[in-house]
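Me: I would like to go through some of the terms used for this protein. Please set each value against its definition.

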Amino acid sequence: MPTLTEAPPPLTTAEPPKAPRRRGRFTPYWLLLPGILWLVVFFALPMVYQASTSVQTGSLEKGYQVTWHFATYWDALAEYWPQFLRSVLYAAAATVLCLLLGYPLAYLIAFRAGRWRNLIMVLVIAPFFTSFLIRTLAWKTILADNGPVVHAMNSLHLLDLTDWLGWTAGDRVLATPLAVVCGLTYNFLPFMILPLYTSLERIDGRLHEAAGDLYARPWTTFRKVTFPLSLPGVVSGTLLTFIPAAGDYVNAELLGSTDTRMIGNVIQTQFLRVLDYPTAAALSFILMAAILAMVTFYIRRAGTEDLV
């Protein structure tokens with residue numbers, strides 16, 4: 001008995017694949033547009049305005065005019081070079097202290113903290129939740145003449161050493177360079193710890209094990225392995241500490257005296273009290289140029305590829 005066979009399915013023509021939708025050539029630029037506008041409005045335009053202000057002459061009553069008076073830069077530097085030098089010294093001292101205090105803590109968090117790591121990180125970041133001004137004012141209580149810190153330094157005869165170095169005067173710490181440096185160190189210490197921790201946390205622990213297998217002592221392992229690999233964090237931390245510390249004026253205003261004024265105090269006074277806008281603008285540009293030159297030299301000497 002013959003069997004019926006199924007008819008073959010009808011032939012269908014397959015649709016050609018759709019061409020991928022081409023991206024617009026200018027899409028990346030549109031994505032960058034908000035950031036570019038932000039930089040232009042809040043960075044480039046104020047810089048241009050301050051640059052024009054620095055070469056103006058006149059008075060507040062009669063008005064200022066752009067006369068390209070570049071001698072303002074030389075006059076400002078000749079008059080206020082001690083404050084420039086003091087700012088660099090205070091910022092450098094605070095940066096070194098932050099590195100000496102922050103590196104062991106960052107090392108502890110990265111390799112030894114264990115389950116306490118998150119808690120310690122919160123404690124490091126916690127000061128940011130308090131006003132910068134309040135944190136600085138707290139140091140006036142900590143370093144008070146009748147406080148425990150000054151009493152302990154007197155008992156250990158540390159004030160004799162700091163007096164000899166010129167960092168304190170008499171039996172007090174407030175209104176001295178030491179108080180200003182302590183305030184700078186405390187306020188900018190987290191900026192040193194966080195980059196150091198990030199750099200140390202990226203180090204592969206097997207490198208330490210390999211150094212131990214090669215009979216390297218712990219200090220040799222740190223000197224040959226840990227510290228060289230953490231140099232990007234050291235460079236980043238020192239820059240994030242030194243740059244804002246050099247331009248700071250709050251610590252010198254609240255913890256120092258007229259003999260410890262930094263260049264930030266001079267700029268603030270020229271802008272808000274003396275109302276000498278050309279001199280204030282010139283000092284701002286000199287400070288920016290000096291910091292930029294020092295940072296460029298430092299990065300080139302450090303030679304860290306992560307920052308190039």
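**Buried residues and ring pairs**

Reply: Thr 176 has a relative accessible area of 3% and is buried. This is a predicted model, where local features need pLDDT of at least 70, side-chain atom pairs count only at pLDDT 80 or more, and totals for chains, interfaces and linings use all residues. Residues are numbered from 1 along each chain as its sequence is written, and side-chain values use heavy atoms, with hydrogens and water left out.

Me: Why is Thr 176 called buried?

Reply: Buried means under 20% relative accessible area, exposed over 50%, and partly exposed in between (1.4 Å probe, protein chains only). Thr 176 has 3%, so the word is buried.

Me: What makes Tyr 103 and Phe 227 an aromatic pair, and why is the pair called tilted?

Reply: Rings of Phe, Tyr and Trp (its six-membered ring) pair if their centres lie within 6.5 Å; planes under 30 degrees apart count as stacked, over 60 as edge-to-face and the rest as tilted. Here the centres are 5.9 Å apart and the planes at 45°, so the rings pair and the pair is tilted.

Me: Which parts does this pair tie together?

Reply: Tyr 103 lies in helix 2 (residues 71–112) and Phe 227 in helix 9 (residues 218–229), so parts 124 residues apart in sequence are tied together. Helices are DSSP runs (H or I, at least four residues), numbered from the N terminus.

Me: Is Phe 227 buried or partly exposed?

Reply: Phe 227 is at 32% relative accessibility, so Phe 227 counts as partly exposed. Tyr 103, at 8%, counts as buried.

Definitions and conventions:
Helices (H or I, at least four residues) and strands (E, at least two) are DSSP runs, numbered from the N terminus.
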